[in-house]
Structure formats: structure tokens, C-alpha cells
Amino acid sequence: MRSVLIIISIIFTITANCQDPAFFNVGKDKLSGVNIYHVNQDQNNNYWLATNNGLYRYNGYDFLQILGENMLSRSLFNVCIDDQNNVYCHNLSGQIFKVENDSCKLYFQIPDSLMKEEISIQFNDQNQLIVLARRLFVIHSKDSLQLLDTAYYPEIRFGGGLYSDNKGALMLFDYVADCIYKLEGTELSFLVEAPKNIWPTYFLIEDNLVGLDLTTARTFYLNGEIIEQDEGNFHARNRIYSDGENIWVANLKGGAKVRKGLDGPLFNDREVLSNYFISSLMRDNEGNIVIGTFRDGLLIIPNINASTYHIPIHNDRPTKIVNGANGDLLIGSQLGNVYELKPNGEMNLFYKNNTKFIEFMTYFPDRNELLVDDNIPHFIDLKTGNVSNYAFGAIKDVKQVDDKRYLIASNMGVRWIDILTKEPGVLDKYKMRTNAIEFNKKSGKIYAGTSLGLLIGDENSPEYYRINGQNINTTQLFCKNDTIFVCTQNKGVLLFYNDSLVESWDTKTGLSSNHVSKLIPYKTNFIMSTDHGVCIVSGKGKIKLWIGKPEGLTKQNVSDIAVVDDFLYVSHSDAVQRINLNTLQNQNDYPNIELLSVEVNDQIKNPTTHQRFSYNESKFVFKLSAKTLKYKSEIVYEYMLEGIDEFWQSNPYEENTIVYKSLPPGKYSFKYRTVVRGNRSEIQEYNFTIANPLWRIWWFWVVIAVLFLTGTYLYYARITARQRKLAENQRELISSKLTAIQSQMNPHFIFNSLNSIQDLVLREQGDDAYNYISKFAFLVRKVLEFSDLDFVEVSEELKLLKVYLELEQLRFKNDFEFEIESDDTEGIEIPPMIIQPFVENAIKHGLLHKSGKKKLKIKVSFANENIICVIEDNGVGRKKSAEINKRKSDKHNSFSVKSIRSRLDILKSLYGGQFGVNFEDLFENEEASGTRVILKLPFKRKF
């Protein structure tokens, strides 16, 4: 079937310049709406941005906004950095700021008399801050400045800014007399007279100081000499920048034109980056061109020799690229179109179908035909425009066998195609889906990459080639120098010579991946596309050069590659890119890694010195940094904490925070490094120690053992002493009991008792004598019985007292009365024979000397967990008793009372508590009327 191509390139007049330098964007979201006025980079590779919303610092991870107190305007300009890496900037209110502790501190306020609408600051070769406003001056301190233009002012008026030359001097322009001056240190001198009516700016371009006129963009000055040059085709006052190699003339509406230094224009003298308003530009320490914009963040151009071409029709994307005629590149698209990309960057819509995306396309230069498969495969005669449609199935690959035949691989299998008639010939042994085909002209063997594996053989007897019993999934086949190259999905590249496998290229031999999508011969090397990106490999399969973002390839996942002359073309989801292969060089300037910070239990620590931490400081957070824009997408952090990690761990660049939530005590070494393109940096390390808690240190247990043994010794010594003391107290208690018994049974009492019994017998009062003797015997028996007891019931003690008082009552005949009361003492026990001595004392010293009725009252009560005994008599009182005893020269001291006091002290030490005795004198009409004794006694409950 043949038809005429109705719309061909003459009618397809859609032509566009869609060329831009290859770039990527940084901070588009975070700096959205922010106007960048100036960009600079410090010695630590931080980027500083002066904007309409303060100062920003970018460390490769975050944009930190830096403001200051008393800032009259947030619009900042002219970021300058001194030799000590201090950062300065200014606003148009005359405030010059110095960055300290992430804050803009007011460094100097320009006096009103020196203010001007345009201000420029710059450091001279002596690290002094020079300011150009209404006058030229140097700042010595916060309150001190020195005018530098006194010898010339007011005859000259400087304007336009301060510019450094290649020797450290500053260039100035006198816009009154059109003269150029030079400032060396603080010495100002005339340099040269400039052309009239210019507005100059200066740049260092490849170590040449170049002056350009902002109004015409023409060069008028070169290394101290005025030169004449044709006017440029620019208009009005331009914004001109330089990256050190190229001159950028920015358009006020967006975009810029670029010159190669003093040479001709780049990008065919067409405007690039037209969608961006360019406001500042610099070349950083890595060689990237960093462009500041209004509202769109930073644009990063890693390689000016790499270009990006966008398809001019909206929503159309490239799917296939092939070499065309005369250095052209043919681009098949998602919408079924074919575009022609000229070497000068011009892109034409060459063929339009709009039926299906172009899955396959190849060009036959000897016949000037293009085979396209967008819905139905068809050949296009590029000379006549004729189109021939053929039902080959969905074409995957085509290879020319000889002058008459092609081999075509499709979803329907492999076919022969006659070049002239285009008539197919079916190969019955190759009817399975095939995506790659090649023909070994030397042996006549067909290589077919089918859905079931790699088939090798002639037309009638092909066989599957397997490795270790596994089929081979093929992505591409091609022949070079009688060698068949087989690109695979998981086994790298297989090389067959004389139909035998002779060599393999894979990760074991140095490839970055075993998934190889495409391999293209380039001179003595190959250009390889893998799922890890694009690289140049040697004829032995060794990687010689990576092609990634640093070389201008903005996407790692590519859909197709082609080589035209010395240019590599790469298609991906967004565009087609072109990279000049002659400008590529091996990159060895990989960024250094640093330990940005160490946090221990959420507290920042010094990351440079060995530190010792306590056992409870166990949460560690390490932040790594390799400040780079060029390799940002390729850097991998490797780290290992010796003592915890058995193997090296890895994180991508963005995941630079490593957390260990709970580390046990021990010595640690945190080791870290970067991996870029298979190259590992030197290992850095941070050593620290987490101390053992005291109970895990050997000497702690020695101390504990000593303390335990000492404590045990002291404890048993104390127990022994206490037992010894207890034994001694018990001996004393027994002694006091014996003393009490003795006091109970003292000779006077016995003598009196026996006299009373004798008197009763003599008066022949036998019954009374018998009762008296019975009571006396009961008393003696009870006293002896109580002597073996520690406690007796209160009732038993009171019975003993009653018997004792009844015996005493016989002595006093009818003159003596006593009363004994007990209140709530049932079940309460007290030490025996502890009340009687005080009763005896009341009788002997109080009642004995009283004439008339003698009364004694005893009351025992229990209240508030206390046993109280009150003994009250109506005797002569203690004072009169003492006088009587003195007259009698009676040296007798109540031994029984002293014994009881001693006994109470012993009981106090044995049982605790506050036991004791108090004596109170009783009075009636201011005369002694008796004595009251209050005893507080130890007790215990019977039940």
C-alpha cells in the first residue's frame, strides 16, 4: 500500500527555538515570591542570598532566613565576605550588617550626609570594608570612617559600584568626567579616560578584567586599555553578569543572551531561560553557574556545554530519538509526531500523525528513508515524501542484513523484508514476541532477543542460549567488528565472537548496574545507558566517565540515547538534552564530608573532640554534610558505628541524619564517608565513650564488698554490744528486783509485823493474830513469786499492795485509812513490785509523823496508751519530813525509791518510752497537807 504524504516539512512550519542550557532548580518552593538581589558563597561552601525578605543561608539542605533587630528595611544587597569568612550586607537605608550567631547585627550606619540612593560595599586587598555612597570611604570601626576621595571631591563623583580587578584593586567610575579610577588599599589614583556617555560595569573573565557598557553591552575596556568594538544589539540600560567565563546580558522581561567571553555568542545568539527573571549570577566553588531569580529560587547550571530542548507543542514529549541526515536528530513523540532538531538548535515539526505515540523509529541513510511505527508501520521517503504502510506488527527492532534484505523484530516474531519490494518473509522458527534482532554476517547466524530468552541459530534450527540454566532477557543487540553485543536486563553485556560467549561486562567487572538498556559505539569507547544513568565505558567495559547531573543530564532515568558527531543526545520524560562530549572531563573534585553536628539527648555537643558521656546520655543524633550542588543527586553517605553496626550502612544525600536511640555504655567510633560514582572518600571518625554506671565498674564492687563487710562487722558488733548491754540491764534489773524485795522485806517492816502479831497473841486475840500471820505469809509468798516475773497484771500488783497496807494498818490501829482504785486496766500488765516502795515511802516519811487521821489513796488508770499511778497522802509533807529526819540525824536515804528509779531507767532502755516519777507537794491554807506521787509506768497487754 502506497500513499503520498500530504503534510511534509514545507507545510509543517511549526519551528521553534526551545533551547536552554541544562539546569535544575533549587529552592523554587521555599523561595517562592522572594526576589534575589545578590548571591555569594563563603569559604565553607554556604550560599548567601540577599533578598527583598532578608538574608538567606543555604547549606545544601535548608534555607535559613536571617534577620536582625532594628532593621529599617529587609531588602538587602551586596553580600560581601572578608578573609575571616564573616558575612556582610546592606540595605538602602544605609545600614550595613554583619552576620553573627545567625542574626544580622548592625555593623555601621552610614551618616545622612554621606547617603545616596545607590550604595556599594566591597573588601579591598587589605581586608578593609570600602563603601561607595555619596562619598568613598573606608570603615575602621563602628563609629569611625575615613574619606578616601578628599583629594578629588567634589570635582569627581563616583557611581555605578565597586569592582575588583585581577590584582585585588577596586575599580571606580567618575560619571562626571567619564574617567576610570583605581583604589589600591586606601590609595585612590586615576587610571584611564573612558569613552563618553557610557555606564560601565567590570568583570573578571578568564583572568582578564573586562569593562562593558551597560547601555550598549559593548566591551570598552580590557586589562587597563580602552578598546573600540562594534555596538551590541542590546537596548537601553542592561543588566549584565558574568560567570567568570561567559557574559550574560539579561532581559528586563526575562531570559538572557550569553556570550562566550570576548568571543561570539552561545546558543546561536538566542535568548535562553526566557521564563525566568534573572537578577544575579555567579560561578561557585564547584564550577556551577548559580543564577538568582525573582520568585523562582536558584537556577543551577552545572555544564554550560549541555543544552536542553523542549518540544514546542504543549503536552508533547519525546519517546524515541535516532540519527538523521546532515547532523540532524529525529525525535519521535508521545503524540505521534516526528521533530527534526538541527545542529544550530532549531526544532521543526517534521511529520504529524496524532494516532499513537511513536514506539519505534529508525533512519536508513543509504536510502534516505525513515521507518516509523506509531500505529501501522510505514516507510517515509524523506526526499519525495511518499509513505508506504506495511502490516509488520508492532516493530521493536530492524537490522540490515545485506543490500536487499532487512531483519525485522516485532510482537509477531522475526521476518525478512525485501528492501525494494518491502515484501515480508516469515521465519517459522521465530514466531514468538521479539524485541531485539541482529545478524552475524560472518557466520550467518541470527540473534533474536525474544520474550522467552536469547535465540541463536540459522533460519531453521535456532537454540536458546542459557547461562547456568537461566534464559537471558535481552534489551538490545548490535554488531561491531564481528562481535555481537548483547545488552540484558540483569546480566550486563554479553560479547559473542564466532557465536561463542567470550566476555561479560557486569557489576563484577566494574559496571554500575547489570541492567543495560542501550549501548552505542563512540570512537574507541561505548556510551551506555543503564537504570543508574549514562556513562562512557572503554572497549573492555570499564567505566571511564559518568554522565549525570554534573555534566548537565538533569534526569537519571532516560528513555533513549543517540550520538551525532561528538554530541550525545538523551531523551527523558521532559525533553531532549545535548551534551558536547569533547568538553567532558573526569571529575575528581568530589565534595568533602563533615560531621555537621552531634546531639546527645537532644543537646548539641562539640563534634570535633573526643568526649566522655555518662551512662544515661544514650541517645545520639549525627548530622552529616557534604556541601555540593553538582553531586547532590549522586552522593551516598556511608557510616558505621563500631560496637553497634557490623557492616557499613548507607543513606542518600537528603537523609543526612543518623539516629541511635539508646546506646549501651562502651567505647565507640562513628565512622563516615561519601560514595560518589563508585569513589569513596577518606574515612572520618568521631570517637566517644559512654561511661559505665557505678554498679558496672569493678572498683565499685570492691567498695561495696568493703562496705558490706564493714557494715556486717559493725552490725554484729552493735548486736553483741546491745546483747551485752541487755544482759547487763537484766542483771541490774534482777539486782533491782532483789533490792526491791529487800526493801519490801526490810528489818523494820518484819520487826514491826512480828511485834504486831506478838501483841495480838498477848492480848489473846488469836483470830486476829492468825489473820495477820496469814496475810504476812501471803505477802512474803507473793513477793518471792513476783521476783521471777517481768510483768504482772495490774490487779495482782494492787492485791499485793492491799495486803501490805492492811499489815501496816495494824501498826496505826484505827488512825490509818487507805483507798485503792483501778480504772480500765483489765488485761494490762506492769513490772512487779514497782509501786510498793513509793507507798512505803509515803507511810514512813509522810503519815508516820502526822497526828490525827492518816489517809492514803492509790489510783491506777490507763489512758492514751499510758499507765499512770497516782499515790496521794495527807502526811506532813516533804519539807517537814526532811526537818524531822535532820533533827534525828537520820542519814537513811530511801534506798528502795532509788532502786525503783534505776529500775525505770533500765526498763526505758529495754522497752523504750518515757517512764518516770514526779513528786508534788500539796497545800491547804498555805500549809503543807501532804504529798502526791505520779508514776508513769511501762506496760504491755496480756492479749
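**Salt bridges**

I began with Asp 602, which forms a salt bridge with Lys 619, the closest N and O atoms being 3.4 Å apart. I then looked up where the two sit: Asp 602 is in the loop between strand S59 (594–600) and strand S60 (603–605), and Lys 619 is in the loop between strand S61 (611–613) and strand S62 (620–625). The two residues are 17 apart in sequence, so the bridge ties those parts together. Asp 602 is exposed, with a relative accessible area of 51%, and Lys 619 is partly exposed at 29%. I note here that this is a predicted model.

I next followed bridges with shared partners and found Asp 243, Glu 245, Lys 260 and Arg 283 joined into one network.

I looked up Lys 320 and found a salt bridge to Asp 560, with 3.8 Å between the closest N and O atoms. This pair links distant parts of the chain, 240 residues apart. Lys 320 belongs to strand S32 (residues 318–323) and Asp 560 to strand S56 (residues 560–564). Asp 560 counts as buried because its relative accessible area is 3%, under the 20% cut-off.

I also checked Lys 196, whose side chain meets that of Glu 193 in a salt bridge at 3.7 Å, N to O. Glu 193 is partly exposed, at 46% relative accessibility. The count of salt bridges for the structure comes to 44.

**Cysteines**

How many disulfides does the structure hold? I found zero. Cys 80 is in no disulfide, and the nearest cysteine sulfur, that of Cys 89, is 8.9 Å away. Cys 80 is buried, at 4% relative accessible area.

**Aromatic rings**

I searched the whole structure for aromatic pairs and got 48. One aromatic cluster is formed by Phe 613, Phe 620, Phe 622, Tyr 639, Tyr 660, Tyr 668, Phe 670, Tyr 672, Tyr 686 and Phe 688.

I then looked for charges over rings. Arg 673 lies over the face of Trp 648, at 3.9 Å from the ring centre. Lys 480 lies over the face of Phe 526, at 4.8 Å from the ring centre.

**Surface patch**

I noted a nonpolar patch on the surface formed by Trp 699, Trp 701, Val 702, Val 703, Ile 704, Val 706 and Leu 707. Together these residues have about 650 Å² of accessible area. I looked at Val 703 in particular: it lies in helix H1 (residues 698–744) and is partly exposed at 38% relative accessibility.

**Backbone**

Where is the cis peptide bond that I noted? It joins Tyr 153 and Pro 154, with omega about 5°. Pro 154 is in the loop between strand S16 (144–147) and strand S17 (158–164).

I also listed two residues other than glycine with positive phi. For Ala 217, phi is near 65°. Ala 217 is in the loop between strand S22 (208–213) and strand S23 (219–222), and is buried at 0% relative accessibility. For Asn 368, phi is near 55°. Asn 368 is in the loop between strand S36 (360–364) and strand S37 (369–373), and is partly exposed at 25%.

Terms used:
Residues numbered from 1 in each chain as written. Predicted model: local features only at pLDDT ≥ 70, side-chain atom pairs only at ≥ 80, totals over all residues. Heavy atoms only, no water. Patch = residues over 30% accessible without salt bridge, like charges linked within 9 Å, V, L, I, M, F, W, Y side chains within 5 Å. Areas by Shrake-Rupley, 256 points an atom, 1.4 Å probe, with all protein chains shown as cover. Salt bridge = Lys/Arg side-chain N within 4 Å of Asp/Glu carboxyl O. Helix = DSSP H or I, 4+ residues; strand = E, 2+ residues; numbered from the N terminus. Buried < 20%, exposed > 50% of the residue type's maximum accessible area, 1.4 Å probe, protein only. Phe/Tyr/Trp six-rings, centres within 6.5 Å; stacked < 30°, edge-to-face > 60°. Lys NZ or Arg CZ within 6 Å of the ring centre and 35° of its normal. Disulfide = S-S within 2.5 Å.
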